[in-house]
Amino acid sequence: MGGYLGRKIDLCISNRIFAQNRERLVEPFRHRGERGCWQTEFWGKWFLSAVAAGRYTGNPDQRQWLRASVREILATQTPDGYIGNYSADSHLKGWDIWGRKYTLLGLLAWYDMAGDAAALDGGRRLAGHLLTEVGPGKADIVRCGLYRGMAATSVLEPVVLLYRRTGDETYLRFAEYIVSRWSSRQGPQLIEKALDGTPVAERFPRPKKWFSWENGEKAYEMMSCYTGLLELYRETGRAAWMNAARRAHENILAAEINIVGSGSAEECWYGGTLRQTQPAHNTMETCVAVSWMEWNAHLLRLTGDPRFADEIEKTAYNALLGAMMPDGSTFAKYSALEGARTLGEAQCGMDLNCCVANGPRGVMLLPQVAVMMGAEGPAVNLYSEGVWNLQLASGTPCRIDVRTDYPLTGRIDLAVRTERPETFRLRLRIPAWSEETSLTVNGSKAGDVHPGAYATIDRHWKPGDRVRLQLDLRGRVLRAADATRQYAAVVRGPLVLARDLRLGQSGIDSVAGGFGDERKLVLLQDVPPPPGITMAFAADAGGIRLCDYASAGNSWDASSRYRVWMPLA
Ligand SMILES: [Zn+2]
């Protein structure tokens, strides 16, 4: 991938993922005296992004790095199979199982990439050891750790992946045990409360202690459980599980996700969609944005509904890339819709935190969802400069070259090249916001174009066929309100725009004239962006200057204070 997204991906790979001190992440696993911290999640999270990066670049040196890191982590495995840093009398407490989950995910990702039997064997031994500690007649997994067992039970995802790779029914039974415990009196009720429509922010009483077992509204852990449930649904086809994951997703999309595609305050659901114009403490944990993107990617793959790709695009261009430092070297822990960007603290005596470890996983998800294959042919979900080499169901190689400067402009040119002429379906995501779209093949109008759906082109493709898509990047006005005021914000294609002090207008908190009527569109004129800002515009409404949200605030100090929602009157 090149262009806007490709550059961001490259920066993240070179300045964060492979700039990480590899040894530092393995070191904690050699000391088993921990009682409450979560430094054992860092290796797995980082390693998942590193595997995705290694696959993306195909760089043999990076591959060697990954192989060496797996050797280092496996060397810490104790004879009984445990990989972690908790003391023997603190096993299962705090973040112990959560850390094992990320280690297991990392080992399986490497096994998938390299076919390394030692990684699969290490993963089996890790899971086998966990099975000696939790399960029927042993510790109750929903009583382990924090958040009504959601952190511990999110180990569901790699347990199902392990079953898929080994066929060992022990893991499938363990996965079903985990889901059954969710429904127990002590459990997080992830299926029942999703199906009965209980808002995710109101599932349990407000906890006396926030970061504790009683808290059942922790956003990232909850989404991780639903992602695992979708993996189990793939194995069992049990409709209620798919329905629960979809209903919870619908509730979160309607009640929690804000204009830039993230949510949460103090890492928990809080009814954030309606409250997004008001300041709240520690909003939009980057881990929340990443797990939201991953959940949407699962639903996209399972349903083929491109509206899930709309969500991925919105979060990526705004919440995720806004949280990434311009050089890709690190990520914010929390972000806001107004204020100044700040970095989070180093956690657990390490030099990074949960979100620094997680942000790159969101970035590396982008090449995986940009162009996907379906039974009928390729589906283009994200529009980026780049080259995709695919294989059609018939086995014929197919190459798609995309030339575009999207999202600077809405014009996207695709050259479809198959080794020999062949009939297949090409699907192009038409974002829900693109009201006026044009689509041609070799200059003639093509496809059925509807916002929020795939345009499908069924065709006998010949080498050199050219597809041109023009998306609607007119500035659109969105509105929100709180108890005292109305607000407007401007979006342009996938980009949310913001005021920023560097755009030379001091009163960024003042009333935004020109948005007060019912207008839905705003004329945006390109203006030369000041240093550090990618895209800048002057709105015909009062001459207000705006920039892309990912650039807003990216000096990471008060000199670039920014604001998305502009007060009206
Ligand atoms: Zn985090």
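This is a conversation about reading a few features of a predicted model.

Colleague: Before we start, what should I keep in mind about the numbering and the values?

Modeller: Residues are numbered from 1 along each chain as its sequence is written, and side-chain values use heavy atoms, with hydrogens and water left out. The model is predicted, so local features need pLDDT of at least 70 and side-chain atom pairs count only at pLDDT 80 or more, while totals for chains, interfaces and linings use all residues.

Colleague: Let's take the metal. Which residues are the protein donors of the zinc ion?

Modeller: Donors are N, O and S atoms within 2.8 Å of the metal (3.2 Å for Na, K and Ca), and water is not among the atoms, so sites may look incomplete. Here Glu-285 gives OE, while Cys-287, Cys-354 and Cys-355 each give SG, at 2.2 to 2.3 Å from the zinc ion. In sequence, the spacing of these donor residues reads E-x1-C-x66-C-C.

Colleague: What geometry does the site have?

Modeller: Four donors count as tetrahedral if all angles lie between 85 and 135 degrees. The four donor atoms of the zinc ion make angles of 101 to 118°, and the site is tetrahedral. Cys-354 and Cys-355 are both buried (under 20% relative accessible area; exposed is over 50%, partly exposed in between, with a 1.4 Å probe and protein chains only).

Colleague: On to helices. How do I read the packing of α11 and α13?

Modeller: Two packed helices are described by the angle between their axes and the distance between the axes. Axes are lines fitted to C-alpha atoms, for helices over the stretch in contact, and angles run from 0 to 180 degrees between N-to-C directions. Helices are DSSP runs (H or I, at least four residues), as are strands (E, at least two), numbered from the N terminus. The axes of α11 (residues 219-236) and α13 (residues 286-303) come within 9 Å and cross at roughly 20°, so the two are roughly parallel (under 35 degrees; over 145 is roughly antiparallel, 65 to 115 roughly perpendicular and the rest oblique).

Colleague: Is α8 enclosed or open, and what are its neighbours?

Modeller: Eight of the eleven residues of α8 (residues 156-166) are buried, so this helix is largely enclosed by the rest of the structure. Those buried residues pack against α5, α6, α7, α9, α11 and α13.

Colleague: Which backbone features deserve a look?

Modeller: Most residues other than glycine have a negative phi, and most peptide bonds are trans. Gln-189 has a positive phi of about 55°; this residue lies in the loop between α9 and α10 and is buried at 15% relative accessible area. Asn-442 has a positive phi of about 50°, sits in the loop between β8 and β9, and is partly exposed at 42%. The peptide bond from Tyr-406 to Pro-407 is cis, with omega near 10°, and Pro-407 is in the loop between β5 and β6.

Notes: Tetrahedral: all angles 85-135°; square planar, octahedral: opposite > 155°, others 65-115°. Contact = heavy atoms within 4.5 Å.
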